Amino acid sequence: MSLTMDEPTLVTTRPLLTARDVSKAYGPVQALRGVSATVYPGEVLGIVGESGSGKSTFLRALNLEETPDTGSYTLDLPDVQGNLFDLDRYARRMLCATRIGIVYQNPHLGLLMSHSSSGNVAERLLVAGERRFAVLRDKAQRALEASEFPTERMDAPPAELSGGMQQRVQLAKAIALEPALLLLDEPTTGLDVSVQALVLDTLKRLQQERRITMVIVSHDLGVIRTLSDRVMVMRRGEVVEQGLADQVFQDPQHAYTQQLVHAKL
Amino acid sequence: MTLQSLTRAWEPMSYGFLDASAKREIRRKMLKAIAVPGCQVPYASREVPMARGWGTGGLQISCTLINPRTRIKVIDQGADDSVNAASIRKFLARVSGAPTTNDALEADLIQSRHRVPEEVLREDQVLVLQVPNPEPLRPVQPNMSIARQMHADADYGRMWLQLYEQIVRSGRVMQGASYPSLVNGRFVMTPSPIPRWDVPKLHMARHLTILSAGREKRLHVVPPFTRVEPLVFDDVPYRVEDHGGLTCQRSGARGYFMNEIPQDDGSSIHEVSDSDLGVKTIRRREGEAVAIGATWYENGEMTS
Ligand SMILES: Nc1ncnc2c1ncn2[C@@H]1O[C@H](COP(=O)(O)OP(=O)(O)OP(=O)(O)O)[C@@H](O)[C@H]1O
Ligand SMILES: [Mg+2]
């Protein structure tokens, strides 16, 4: 069983993201039990697991929305030091606003539905201090283009858009500031199969062109397989298996993973 | 020993309607607000003999600052003679013995609803503005506890987003009165609903401005010589109302903020929105030697 993730796959360098022993309980529910993960720059880490296994909770912790009971989290970035779970509210907000992008499963969590789509993207730039209207327009448009959003609709509110388009607005917002880390929580769930494929293509292209470090959560093994360099399998708040994607899919070690992979085949 | 020898004879010992402890609290809160320009400071807004929403916030500040030698002026949307302005003026005079005036140059204390006088105020003058809603973040954050955190973090991205949205939708910033403005580079405030025209008058002004909301129980302050900068994009300039070219039908005053008075035939005439400036202009035209102070605007342009 390969539980170590310390060997880099793509580049020989220090990991960008290191999370150690992250635990979180909600009352009697132990949502995370000592979850550790390492992600190297430019890599995609896929997290799979059944419903309720703690995938979203872990992702929210990485986005500093959730403070775990124990554990540490570091990002190897200039000006970013120490255990990020110890940062105060202001420092968290600034870090997330400028260095981490997130796409939520539910667009309502990530978007202002009655503002314009371009405004949703522009908000990230505004928080980072951009005060030139023309530059805001231009950068918002370019981020939307990169997410393959039809830019003639850039001022339409997400409330008037389809689910796939809403996910693209979220994606544009997440990449507008060239984040060091992109977190994706079930970005294709709830979309019909053809739209799902389009969103996946966009993510793949972004990954290839920009080499953005990503953590993607899905209960869909196909999605994880298409995008990930490494895979982490979670069950009841625990990591039952992790390793290179090809290894895990071709030669699953843990009984639960075997079950998952075979159910898929 | 008689009761007489043990007690002092009754004499009036307080003025300004509020009791001494209420005034002391408001003084302390004003000092705090002066120390942190633009920051909303809560205070225990007292009952005054006037309904909430009619200027009780401003009235409590005036009652606290007033003494029998304070010369007071009260204006309501630029007019000294509206029922509301006249009643507040009478009330303040009655409870303090203070003299009153309509002339902005003579006043020590000016309580105003929604306007800053057109004549430049001096270091020794205090302007008290009545504020209905002191929270600039309310349109973007209805939860006041979160709004306070946002102020603490200077988290004003959503305010900027509002402006962005207005330009995208309407081609320009639609915000009229209450234009959100950054005070001393730190706190965004709502400058009560004064028109955009009046906001630049607060920037680096010589006088002290106290903005007080009685119903919301909060006050904030623009101290003298403090920066007040409307939130604007670098490439979309701040624009005041287009009143520079209008002439007052009654006084002939020109280049000031005007009230529009619709006529039966569908047209409009305009009257200068600072009623005493209008009166002084008429008196001067009729040959009286009246002093009209320097004004913030001349021919519709800011002077300094
Ligand atoms: N805010 C919360 N309050 C209470 N319990 C929570 C909260 N968030 C998550 N949980 C619980 O923690 C556990 C893990 O939830 P989480 O959302 O992380 O699972 P998940 O793997 O993302 O599931 P899904 O695939 O359904 O999205 C669940 O039992 C859930 O009920
Ligand atoms: Mg989830």
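Predicted model: local features only at pLDDT ≥ 70, side-chain atom pairs only at ≥ 80, totals over all residues.
A backbone N or O atom of A:G52 is 2.8 Å from a ligand 1 oxygen, and for A:G54 the figure is 3.0 Å.

On its own, ligand 1 exposes 630 Å², and the protein buries 63% of that (areas by the Shrake-Rupley method with a 1.4 Å probe).

## Who's in the shell?

Altogether, 13 residues surround ligand 1 (a heavy atom within 4 Å), and A:K55, A:S56 and A:T57 are among the closest. Helix 1 of chain A gives the largest share, four residues. Strand 2 (29-39) of chain A also gives two or more. Helices here are DSSP runs (H or I, at least four residues), as are strands (E, at least two), numbered from the N terminus.

Sorted by class, that's three nonpolar, six polar and four charged residues. Ala, Val, Leu, Ile, Met, Phe, Trp, Tyr, Cys and Pro count as nonpolar, Asp, Glu, Lys and Arg as charged, and the others, Gly among them, as polar.

## Where two chains cross

Helix 5 (residues 133-146) of chain A packs against helix 6 (residues 157-170) of chain B at about 80°, axes 12 Å apart (lines fitted to C-alpha atoms over the stretch in contact, angles running from 0 to 180 degrees between N-to-C directions). So these two helices are roughly perpendicular (65 to 115 degrees). A:F133, A:L136 and A:R137 meet B:Y164, B:I167 and B:V168 (heavy atoms within 4.5 Å).

Residues are numbered from 1 along each chain as written, with chains lettered from A and ligands numbered from 1 in written order. Local features need pLDDT of at least 70 and side-chain atom pairs 80 or more, while totals for chains, interfaces and linings use all residues, and side-chain values use heavy atoms, leaving out hydrogens and water.

Definitions and conventions: Polar contact = N/O pair within 3.5 Å; in protein donor to acceptor, adjacent residues only side chain to side chain. Parallel < 35°, antiparallel > 145°, perpendicular 65-115°, else oblique.
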